[in-house]
Amino acid sequence: MTDAKKALMTIAIDGTAGVGKSSVGKAVALKYGLSFLSTGQMYRCLGWKALSSGIDMDDAEAVTRAAKNIVWGFERQPDSSLKVLIDGQYLGDKLQLEEVGRAASKTSAIPEARSVIMQKQIDLGKKGGIVMEGRDIGTVICPDAPVKIYLTAAPEARAARRVKQLEEQGEKADYENILASIISRDERDSNRAVSPLKPAEDAIIIDTSALNLEQVIDKVLEAVAKVW
């Protein structure tokens, strides 16, 4: 593959919640000089937009109109990730607020609003030169991506990792509550009507339950090297 074609490569990374998709995606993008986008940020931006505008989350028409009116901006950072701007604003840690997460969950479940965000992601994927991470990248957003990765891990392994992460941050963590939350999230993602979570037919499936981050990155890089 020529350098010009490499620069336009699109890599799709999908998988369950809490499996390390963003960490892996950033590492792969940085390795190959591509941009990295965690598509979940865009859905959180929509949730924030609806929340800050006082929009009723159950008003599908109003939420969809808000999605259509968003002016998106993307700025590449030194670590390869794309900083997402909404209407000229970078929200940063605001996107991680619990209420924003709840709003994103509701607004992204509206098919018409979700399709607006999905189309923007499809456009980004067609431009190439990007590693995209999410739930439906290989199946819907970038079905023609030459490399499709699907990361998974047992819920127990993901819960244990989250507990460790929180404790290292000095926060209390309840393993059973976290495990229940992960299992519930998996069920919602896999059974939603629009773009359910599932591996693409030609995806390389990697179970990370017994692997550390470096080992997962190595496996993904091996898959990319076969194409490059």
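Guide: Let's start at strand β7, residues 147-152, which is mostly covered, with five of its six residues buried. This is a predicted model, where local features need pLDDT of at least 70, side-chain atom pairs count only at pLDDT 80 or more, and totals for chains, interfaces and linings use all residues. Residues are numbered from 1 along each chain as its sequence is written, and side-chain values use heavy atoms, with hydrogens and water left out.

Visitor: Why is Trp72 called buried?

Guide: Buried means under 20% relative accessible area, exposed means over 50%, and partly exposed is in between (1.4 Å probe, protein chains only). Trp72 has 16%, so it is buried. Phe74 has 23%, so it counts as partly exposed.

Visitor: What makes the pair of Trp72 and Phe74 stacked?

Guide: Rings of Phe, Tyr and Trp (its six-membered ring) pair if their centres lie within 6.5 Å; planes under 30 degrees apart count as stacked, over 60 as edge-to-face and the rest as tilted. Here the centres are 6.4 Å apart and the planes are at 15 degrees, so this pair is stacked. The structure holds one aromatic pair.

Visitor: How do you know that Arg114 sits over the ring of Tyr43?

Guide: The rule asks for NZ of Lys or CZ of Arg within 6 Å of the ring centre and within 35 degrees of the ring normal. The charged end of Arg114 is 4.4 Å from the centre of the Tyr43 ring. Lys83 likewise lies over the face of Tyr90, at 4.6 Å from the ring centre.

Visitor: Why is the span of α3 close to what is expected?

Guide: The expected span of a helix is 1.5 Å times one less than its number of residues. With 13 residues, α3 is expected to span 18 Å, and it reaches 18 Å from its first C-alpha to its last. Just after α3, Gly54 takes a positive phi of about 70 degrees.

Technical notes: Helices (H or I, at least four residues) and strands (E, at least two) are DSSP runs, numbered from the N terminus.
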